[in-house]
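Dear colleague,

I am passing on the structure below, together with notes on what turned up when I went through it. Please read them with the coordinates open beside you.

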Amino acid sequence: MAESRVSTPLPLYLRVAASLRDDLAHRRITPGARLPSERSLANRFRVNRQTVRSALQLLRQEGLVATERRGTFAAAGPAAPSGGRVLVPAGAGIAGPAGMADFPCGPVTASLDAVTGICWEPVPAGPAGRLGLAAGEPSLVHRYRVPGPRGAVLQEALTRFSRHALAEVPELARLRRTADRPADPDLRPLYRWMRRAGLRLTRRESIGVDTGIRTGIGTGAFLSVHREVRDQHGHVLELTDLRFAPDHAGLTYEFTG
């Protein structure tokens with residue numbers, strides 16, 4: 001797919017949210033501090049108050065601010081994921097203090113003959129909002145697939161990266177340029193690249209079982225994993241959806257505090 005040279009204009013509320021997110025990340029608004037009033041923010045960004053409310057709602061959803069009767073305040077620290085502790089793969093392949101295994105499928109990534117690809121393409125509305133993008137705005141997309149016998153698919157993964165990830169991680173930023181994209185990209189060191197860029201990572205994975213023919217894995221049930229990786233400021237860096245044939249899942253998890 002050819003890279004788009006025309007950027008989709010961002011809605012005003014996303015521009016306001018991006019600017020406030022940057023203020024929070026760089027401590028221009030300190031943790032626990034009260035944000036300026038809606039009127040003040042509307043004057044600062046030259047938008048109406050409804051646009052400011054929409055931006056603040058997005059930041060609340062990201063866990064970066066909280067609103068109470070006295071006003072809206074910066075979160076005291078990175079938002080803890082809801083719904084339980086973070087699950088981190090255990091076993092070979094884990095590297096560094098963040099407990100992050102090789103991208104995208106952990107230790108098995110290095111041991112299987114995978115087909116990979118990377119492109120620059122529009123992001124659908126659902127994941128776009130989580131990534132801080134407008135619906136249809138292009139971003140970097142990585143695909144990973146392990147083929148099996150007779151056309152079966154043993155493992156596959158689809159990853160979409162946020163604008164923040166591309167801005168902070170030089171190795172990803174270079175992949176925006178078509179000329180710098182290898183035919184068979186190796187992103188296994190991705191989490192080491194992120195840590196080298198000064199990002200402290202939190203990975204949350206939701207695991208389920210799905211059925212039916214959907215990805216070439218077959219007609220039976222398969223394991224599905226949805227991964228969200230955030231940095232220390234709560235910015236979403238990537239969203240990854242993985243699927244495994246039952247006899248090729250091979251994932252072991254341990255709880256970490």
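The side chains of arginine 227 and glutamate 205 are joined by a polar contact of 2.7 Å, a polar contact being a pair of N or O atoms within 3.5 Å, of which, within protein, one must be able to donate a hydrogen and the other to accept it, while residues adjacent in sequence count only if both atoms are side-chain atoms. This is a predicted model, in which local features need pLDDT of at least 70 and side-chain atom pairs count only at pLDDT 80 or more, whereas totals for chains, interfaces and linings use all residues. Residues are numbered from 1 along each chain as its sequence is written, and side-chain values use heavy atoms, with hydrogens and water left out.

Arginine 227 belongs to strand E8 (residues 222–230); helices (H or I, at least four residues) and strands (E, at least two) are DSSP runs, numbered from the N terminus. Arginine 227 counts as buried because its relative accessibility is 4%, where buried means under 20% relative accessible area, exposed over 50% and partly exposed in between (1.4 Å probe, protein chains only). Beyond its neighbours within four places in sequence, arginine 227 has contacts (heavy atoms within 4.5 Å) with residues including Phe103, Tyr191, Arg203, Glu205, Glu238 and Leu242.

Strand E8 also holds arginine 230, which is buried at a relative accessible area of 13% and whose side chain makes a polar contact of 2.8 Å with that of glutamate 228. Arginine 196, by contrast, is found in helix H7 (residues 190–196) and is exposed, with a relative accessible area of 60%. The C-alpha atoms of arginine 196 and proline 170 are separated by 9.8 Å, the two residues being 26 apart along the chain.

Turning to the helix packing, H1 (residues 12–25) and H3 (residues 49–61) pack at an angle of about 50 degrees with their axes 8 Å apart, axes being lines fitted to C-alpha atoms, for helices over the stretch in contact, and angles running from 0 to 180 degrees between N-to-C directions. H1 is therefore oblique to H3, given that angles under 35 degrees count as roughly parallel, over 145 as roughly antiparallel, 65 to 115 as roughly perpendicular and the rest as oblique. Among the residues of H1 that meet H3 are Leu14, Val16, Ala17 and Leu20, and on the H3 side they include Ala55, Leu56 and Leu59. The axes of H2 and H3 come within 9 Å and cross at roughly 105 degrees, so these two helices are roughly perpendicular to each other. In that pair, Glu38, Arg39, Leu41 and Ala42 of H2 meet Arg49, Val52, Arg53 and Leu56 of H3.

For the chain as a whole, there are seven helices and 10 strands, and 43% of the 257 residues count as buried. Of the contacts between residues at least 6 apart in sequence, 62% join residues at least 24 apart.

Confidence needs some care. The average pLDDT (the predictor's confidence in each residue, from 0 to 100) is 75 for the protein chain, and 74% of the residues score at least 70. Confidence is highest in helix H2 (residues 38–45), at a mean of 94, and lowest in strand E3 (residues 87–89), at 34. Over residues 213–218 the pLDDT is below 50, although this stretch has 15 contacts in the model beyond near neighbours in sequence. Where pLDDT is low, the predicted coordinates should not be read in detail.

With best wishes
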